[in-house]
Amino acid sequence: GVHPSLEPYSTIKNSYIDFVIEGEGEIIFKELVNALNNNKPLGNICGLWYKEKNKIKKGPKRKLIDLNKTLLLPYDLIDTKKYFREKNNQKRFLFETSRGCPKGCNFCNQNVIENRSWWVKDTSKVIEEVKFIHDNFKNIKIIELVDSNFFFDYERANVILKEIKKYDLKLWIPGTEIHSLRNFFRDNNLKLLEDSCCYLGIGVESGSDKV
């Protein structure tokens with residue numbers, strides 16, 4: 001999570017904590033479980049903080065995951081109905097197209113994590129996965145993005161929004177920073193936002209305390 005990634009040392013110092021995963025957790029967690037199951041050393045697991053003989057140790061820093069090499073999640077292994085978010089009797093399917101944000105908003109954890117990196121799934125992979133959602137979850141009409149800044153690449157966002165429209169789906173976007181939306185205003189392209197988004201949360205920061 002965010003807190004241990006921002007403060008790994010102060011987190012691992014707590015007597016109730018055995019391990020801290022710094023950064024993206026999917027691969028590190030799997031490697032940790034395998035190491036514990038097979039009684040293997042932990043020092044080679046990149047991104048892991050742990051305790052050994054009352055001493056705090058950590059592995060090398062972990063490189064960012066290449067999102068284009070990740071496989072489609074095996075949704076058939078779980079009862080997906082338990083995990084849809086719902087409001088006003090509309091179910092929302094959580095979906096990710098990118099991670100991180102290159103902006104420097106002082107109030108945001110992304111300002112510290114991964115040196116303001118922004119890494120993405122290729123547009124073709126996003127479209128392929130949107131099609132899968134459309135074809136396999138017929139009762140879902142809204143996709144909720146968990147991206148930190150979906151709109152940072154204007155051209156990429158444009159392509160994805162147009163594909164969303166084709167499948168008669170709507171995007172629910174809890175948060176984006178307002179500067180990344182400027183190109184939609186510049187190109188008078190607000191109709192695309194209106195047609196493809198049913199909710200858009202905008203974070204606004206100003207250097208003026210009064211504002």
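Here's the spot: is cysteine 101 buried or exposed, and what is its relative accessible area?

A: Cysteine 101 is buried, with a relative accessible area of 8%. Buried here means under 20% relative accessible area, exposed means over 50%, and partly exposed is in between, using a 1.4 Å probe and protein chains only.

Some ground rules before going further. This is a predicted model, so local features need pLDDT of at least 70 and side-chain atom pairs count only at pLDDT 80 or more, while totals for chains, interfaces and linings use all residues. Residues are numbered from 1 along each chain as its sequence is written, and side-chain values use heavy atoms, with hydrogens and water left out.

Staying with cysteines, a disulfide is a covalent bond between the sulfur atoms of two cysteines. The test applied is a pair of cysteine sulfur atoms within 2.5 Å, and a search of the whole structure turns up zero of them. Take cysteine 197: the closest cysteine sulfur belongs to cysteine 198, and at 7.6 Å that is too far for a bond. Cysteine 197 is also buried, at a relative accessible area of 11%.

Along the principal axes, the C-alpha atoms fill a box of roughly 60 × 50 × 30 Å. Of the 211 residues, 36% count as buried. If contact means heavy atoms within 4.5 Å, then among contacts between residues at least 6 apart in sequence, 66% join residues at least 24 apart.

Glutamate 144 sits in strand β8, residues 142-145, and has a relative accessible area of 3%, so it is buried. Its side chain makes polar contacts with the side chains of arginine 85 at 2.7 Å and arginine 92 at 2.8 Å. A polar contact is a pair of N or O atoms within 3.5 Å; within protein, one must be able to donate a hydrogen and the other to accept it, and residues adjacent in sequence count only if both atoms are side-chain atoms. Leaving out residues up to four places away in sequence, glutamate 144 also touches others, including Phe93, Phe95 and Trp172.

Phe95 turns up again in the lining of the largest cavity, along with Thr97, Val126, Val130, Ile143, Leu145, Phe150, Ile160, Ile164 and Leu171. The search runs on a 1 Å grid over the protein atoms alone: a cavity is a set of points where a 1.4 Å probe fits but cannot get out, a pocket is an open set with protein on both sides within 12 Å along at least five of seven lines, and lining residues have an atom within 4 Å of a point. Helix α4 (123-136), strand β8 and helix α5 (154-166) each supply at least two of its lining residues. By class, the lining has nine nonpolar, one polar and no charged residues, where Ala, Val, Leu, Ile, Met, Phe, Trp, Tyr, Cys and Pro count as nonpolar, Asp, Glu, Lys and Arg as charged, and the others, Gly among them, as polar.

Helix α5 also holds alanine 157, which is buried at 0% relative accessible area. Not counting residues up to four places away in sequence, alanine 157 touches Phe150, Phe151 and Phe184.

Of its 24 lining residues, Glu26, Leu73, Tyr75, Glu96 and Arg99 are the closest to the centre. Both α3 (26-37) and β5 (90-95) supply at least two lining residues, with β5 giving the largest share, four. The lining splits into 15 nonpolar, two polar and seven charged residues.
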